[in-house]
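Welcome! Have the view open as you read.

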Amino acid sequence: MSNYGESLVMPADSSKPDLGSLRIHDGQRAKSGMGRRVLYASIPVVIFGAIVATAFALRNQKPVVEVATAAKPDAEGPLTALNASGYITPRRRATIAAKITGRVTGVFFDEGTRVKEGQLLATLDDSDYKRALDAAKADRDSTQAAIADLEVQLRNAEIELRRAQQLRDSGVQTQAALDNARTTADSLRAKIALAKVQVAAAETRIAVAQQVVDNCTIRAPFPGIVVSKDAQVGEMVSPVSAGGGFTRTGIATIVDMKSNEIEVDVNESYIARVKEGQLVKATLDAFPNDPYDAKVRTVIPTADRQKATVKVRISFLKLDDKILPDMGVKVAFLEDEKPAAQRKGTGPEAVAFIPKSAVRSDANASFVYLLRDGKVERRAVSLGMDRGTVVAVMAGLTPGDSVVVKGPESLHDGDKVEIRQ
């Protein structure tokens, strides 16, 4: 029994949590505060280092510039009075449209197709219009048939009228019978005249219906090249915009390549240097090594007040297949050609020509930046006549020098630069 009692004695509960293990000692608290202070103190250092690295990288980055070569003036040929740029513009360009609204049933061309005057380009659905034409012809035929019947009746009425006249003259028949016969004949003549007028009206309706049928065929108004195909089979076309944008207003765009010319806008400050018949040297942007001879066809007698320019049209002396509409072109208006001997003694001559964008100025003089061995060199220049997009240099440069035409305003003498390709 004593042993059994001893076995009922419960030992101390060993699973009770020890809250003392969660206590933070003073040493640990001091270490945690020190770590946060170090972290906060290092943030400005990191930011400052990033700023210094960025500034160092930007300092070592080379400015990007665009350069151009100083051109040599042609002392033996005509001088350039003015330079300008423009585009090739055809004098005859037309968007071919239908005169009526209809569905396209045939398209007989493609972009680049050469067409002749009157050549068939497209057809529209003409089934309804042909039925109207047939109806007008039927009205005419029925009226002509009625005229034939009335003419037969008129011949019989005239016979009756002559017989009534004879009987009246012999005293056998009364005057009333003669008057009735005469009235019948006159009525038939009036009906025949009315029928003939109706036939003429039917002929007019036939002509109108035929014209509508003819309008279902679209033909080229002049010889040229198709540059745009604006409609396909099955689409609706109309001479006016309709259908919420689902109706085409054009079939094709044709350009007469023989009418290509140059159109440029000349600043009104320099328009006095341009006159009709003046010789021009034109260079297409697509073919810079093949200049064309041209001349001023006309100076449009009005100015654009927004751009302060005057439009000038220039004709090519000889056209070829390389000249396409809307191509960019640079032109040089030439002065009257004089022998080199006559030019001597007339004053200082230009040593080179450079773009106007290459010239910079400060309070003292004009200067440019030359490119030499990857660095820019500031060079003072003496300028001559302003020729539009270029300016003459009287001193300070030699032909072939590379000058900066576009670059940062902060550019300085001796800076290393990178050329934009």
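Predicted model: local features only at pLDDT ≥ 70, side-chain atom pairs only at ≥ 80, totals over all residues.

Helix H3 passes helix H4 in a left-handed crossing.

- Two packed helices are described by the angle between their axes and the distance between the axes.
- Here, H3 covers residues 127-170 and H4 covers residues 175-214; their axes come within 7 Å and cross at roughly 165 degrees.
- Angles over 145 degrees count as roughly antiparallel, so H3 is roughly antiparallel to H4.
- Sorted by class, the contact of H3 with H4 has 23 nonpolar, 8 polar and 14 charged residues.

- Strands of a sheet pair through backbone hydrogen bonds, either parallel or antiparallel.
- Strand E10 spans residues 252-255, with Ala 252 and Ile 254 pointing one way and Thr 253 and Val 255 the other way.
- Are these four residues of E10 buried or exposed? All of them are buried.
- Strand E3 (residues 93-96) runs antiparallel to E10 and is joined to it by 4 bridges. Within this pair, Thr 95 has Thr 253 of E10 as its bridge partner.
- Strand E8 (residues 224-229) is also antiparallel to E10, again with 4 bridges. Here Val 226 stands opposite Ile 254 of E10.

- E16 and E21 (residues 390-395) pair in the antiparallel sense over 4 bridges, and Ile 354 stands opposite Val 391 in E21.

**Lys 318 in its loop**
- Where is Lys 318 placed? Look in the loop between strand E14 (309-316) and strand E15 (328-334).
- Lys 318 has a relative accessible area of 67%; values over 50% count as exposed, so Lys 318 is exposed.
- Leaving aside residues up to four places away in sequence, Lys 318 touches Tyr 292, Asp 293 and Ile 323.
- Lys 318 and Asp 293 are 25 residues apart in sequence, and their C-alpha atoms are 7.4 Å apart in space.

Key. Residues numbered from 1 in each chain as written. Heavy atoms only, no water. Axes fitted to C-alpha atoms, helices over the stretch in contact; angles between N-to-C directions. Helix = DSSP H or I, 4+ residues; strand = E, 2+ residues; numbered from the N terminus. Parallel < 35°, antiparallel > 145°, perpendicular 65-115°, else oblique. Left-handed = near helix turned anticlockwise from the far one by under 90°. Nonpolar A, V, L, I, M, F, W, Y, C, P; charged D, E, K, R; others polar. Buried < 20%, exposed > 50% of the residue type's maximum accessible area, 1.4 Å probe, protein only. Contact = heavy atoms within 4.5 Å. Pairing = 2+ DSSP bridges.
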